[in-house]
Amino acid sequence: MQKQGKILIIDDNEDILFALNLLLQPHVEKVKVSTQPERIAHFMETFAPDVILLDMNFTKDADSGREGFFWLEKIKETDPDAVVIFVTAYSDTEKAVQAIKAGAADFIPKPWAKDKLLATVASAVELRRSRTQVSQLKQQVAALESNRSFPEIIGESEVMQSLFETIDKLKNTDANILILGENGTGKDLVANLLYCCSPRTDKPFVHIDLGAIPETLFESELFGYEKGAFTDAKKEKAGRFEIASGGTLFLDEIGNLTPATQVKLLTAIEKQQITRLGGTASIHINVRLLCATNADIYEMVARGEFRQDLLYRINTIELHIPPLRERGKDVELLANHFLHRFAKKYKKDIRSISASALRKLNAYNWPGNVRELQHAMERAVILASGYTLSGDDFMLKPVSSRKLIPENLNLEEMEQTAIEKALEQADGNLNKAAELLGISRFTLYRKMEKLSK
């Protein structure tokens, strides 16, 4: 039978510690003992016990139990879900009731009956596991509740109708899907729609922006961690894979993953299991993967920046979200939708968009796609003074293709200038700069390294 549970024993009697250690060692994973209750916080951080056996009295001849209740309170402040069993030679019904009310899981008298003590500890380990599962379920419920609304995707153009038809074909599948498209095209909305139309719609939908996670936090965010895995790990935490298990995990900006994190993600997908940071037990996962990127993922594979085997794992089906400039009359449709939304939000009596304004909107290239149109409409509604939006209410500055050709055609110098301008606009934020340049963060790192030599 597999040993389960890490046990911490705190008692000022070394004979008691020796006896309990000898009794429990064959039945549990690990045992730590100490005569110093002052070290409980240290053990909780570094050892992360499932169960704490705590003596009630640490002063010679004391039988009040006050010290035990003091340390129980300290333990609960550190970890409200901690499972503590009191052990004492001075047991009575009143004290047992008081212990349970104070948050202890059970009460063991000295001397103890061997079988009863083992059964009590086994039950306490199971209680700890149950509390951990309840915490995870609460996170899953929160993830489920946050995605109750059906996403609204507006589009009547031929390219959008084709996209909707493809999504409709996928509604009864569990296939992993890769969503490709420029920034601002609505990849997150499409992911949400896929989730809402899937067999897993009654399970959690967990969204994580990989572009916003430093490489050092990748494992703890996706795979979770055990209590004591690192300095600030005060209690165990389920990762996004665990929270999404049974449901859908949306990995946004997957093109930003470094080679090292790509390997870790691939391993988790292939084995369908993860191990928490600082843990040893494998945790089975069952997730449907939706991934998205604005990067040219195939070009990244060709350059050796993205693993081909990982690409095969995440793109059973590919969806390409068209840019706004290719959606024809959808510009006018979306503009009117945003007009009504923002007129209501800002309590403005604006009823329409003039013909000249619509011509201006249709002539613009929309490099920021639907997101840029949304911001342009919000700004226009805020600043407008009449009942109708005119062309002057939109501060759009289309640039002719001829003006985009620089005088200096040295590719290396052009690249350096582009990187410098992107970093300036992004206030030094590498993720934003990479997004402005249309490349992955890893590619930006590599180019900056090359240019600095």
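1. Glu299 is partly exposed, since its relative accessibility is 37%. Its salt-bridge partner is Arg303, with N and O 3.4 Å apart. Arg303 is also partly exposed, because its relative accessible area is 41%. As for the source of these values, the model is a predicted one.

2. The salt bridges number 21 in total. One of them joins Lys110 to Asp11, with the closest N and O atoms 2.8 Å apart. These two residues are 99 residues apart: Lys110 sits in the loop between strand S5 and helix H5, and Asp11 in the loop between strand S1 and helix H1. Lys110 counts as buried because its relative accessibility is 19%, and the cut-off for buried is under 20%. Asp11 is buried at 2%.

3. A salt bridge also forms between Arg276 and Glu226, at 3.9 Å between the closest N and O atoms. Arg276 is in the loop between strands S11 and S12 and Glu226 in the loop between strands S8 and S9, so the pair ties together parts 50 residues apart in sequence. Arg276 is buried, at 6%, whereas Glu226 is partly exposed, at 27%.

4. Salt bridges also link Asp79, Arg128, Lys227 and Glu236 into a network.

5. Thr248 belongs to strand S10 and is buried, because its relative accessibility is 0%. Its contacts beyond four places in sequence include Tyr195, Phe205 and Arg288.

6. The second largest pocket holds about 690 Å³ of space. It is lined by 34 residues, and those closest to its centre include Gly184, Lys187 and Arg371. Helices H6, H7, H13, H15 and H17 each give two or more residues to the lining. By type, the lining has 13 nonpolar, eleven polar and ten charged residues.

Definitions and conventions
Residues are numbered from 1 along each chain as its sequence is written. This is a predicted model: local features need pLDDT of at least 70, side-chain atom pairs count only at pLDDT 80 or more; totals for chains, interfaces and linings use all residues. Side-chain values use heavy atoms; hydrogens and water are left out. On a 1 Å grid over the protein atoms alone, a cavity is a set of points where a 1.4 Å probe fits but cannot get out, and a pocket is an open set with protein on both sides within 12 Å along at least five of seven lines; lining residues have an atom within 4 Å of a point. Grid points are joined across faces, edges and corners, and a volume is the space filled by probe spheres set on the points. Helices (H or I, at least four residues) and strands (E, at least two) are DSSP runs, numbered from the N terminus. Ala, Val, Leu, Ile, Met, Phe, Trp, Tyr, Cys and Pro count as nonpolar, Asp, Glu, Lys and Arg as charged, and the others, Gly among them, as polar. Buried means under 20% relative accessible area, exposed over 50%, partly exposed in between (1.4 Å probe, protein chains only). Contact means heavy atoms within 4.5 Å. A salt bridge is a side-chain nitrogen of Lys or Arg within 4 Å of a carboxyl oxygen of Asp or Glu.
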